[in-house]
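Please look over the sequence and the 3D structure below before reading on.

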Amino acid sequence: MKKWSFYLVVIGIISFIVFQVGNKTIVADSDQDLLTLVSVLQDEHILINEWSLYSRQIVENVESDQIISDLKAQLAGWSWSESKEGDQQTVTATAASSNYHEKIKIVMNQPQTHIMYEVKGQKWDEQSEAFITKEWQEQLLTIFDGQASTFSCIKGEFGDKMDEALPVFMNELLEAFDAEEIEALDEENFLSTSAYSPLFTGSISEDHDMNLQLGLRKPDGMGGNTTLVVGTPIITIEY
């Protein structure tokens, strides 16, 4: 029960931070951020089994119906659905390929409209890299009016350092990212660190010089792999 309570607290904190910094522009080239994460993890021989890019923008006093109509015309092959709860209307669109899944979510609660675009993949290969370096950029121009805030995240695992203490391996990762630790949370079989790395030009906000989060979790009991989640400027997927 304690473990699930901790999960919920972590997810709640992440959601709060994401919405607080949602309309602060991330200056970094976000496709390059993800490629940098991939490169460092591959150099550390960590198996990548999930990656994601999450972009969002808040616009005010806009014709939401026109935005949706334009997107439906340009993304004709997508699946669309709508829901309404009180004064809030939500439109969701999805598309999937063999390597990744895309989702657009538009939440309308006047005067604000939240536009979110997420792409997730279960493996990293040449097709994934080609999508990120070209098609993803084109999708951003289609979906958003202006520059959106983007968060890059990767989940991976490794099994060759099971006897190594998590703080030791975390220090190795921070060194690989040329990162300086800002704060950390250390619990049994779990370690989370917030840091700053010059490899990523963005930051969580103008007041917080932090642009990298890492989480390490060892399995309970014997056997199994250690899980790693890393994100810039913050982690946006459950861990």
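Student: What should I know about the model, and how many helices and strands does the protein have?

Tutor: This is a predicted model, in which local features need pLDDT of at least 70 and side-chain atom pairs count only at pLDDT 80 or more, while totals for chains, interfaces and linings use all residues. Residues are numbered from 1 along each chain as its sequence is written, and side-chain values use heavy atoms, with hydrogens and water left out. Helices (H or I, at least four residues) and strands (E, at least two) are DSSP runs numbered from the N terminus, and for the protein they come to five helices and 10 strands.

Student: What percentage of the residues in the protein is buried?

Tutor: A residue is called buried when its relative accessible area, taken with a 1.4 Å probe and protein chains only, is under 20%. Of the 239 residues in the protein, the buried share is 47%.

Student: Which strand does β4 join through 10 bridges?

Tutor: Two strands pair if DSSP finds at least two bridges between them. Strand β4 (residues 100-109) pairs with β3 (residues 88-96) in the antiparallel sense over eight bridges, and these two form a hairpin with three residues between them. The 10 bridges, again antiparallel, join β4 to residues 112-121, which are strand β5.

Student: Which residue in β5 stands opposite Met 108?

Tutor: β4 and β5 form a hairpin with two residues between them. In β5, the residue opposite Met 108 is Thr 113.

Key
Buried means under 20% relative accessible area, exposed over 50%, partly exposed in between (1.4 Å probe, protein chains only).
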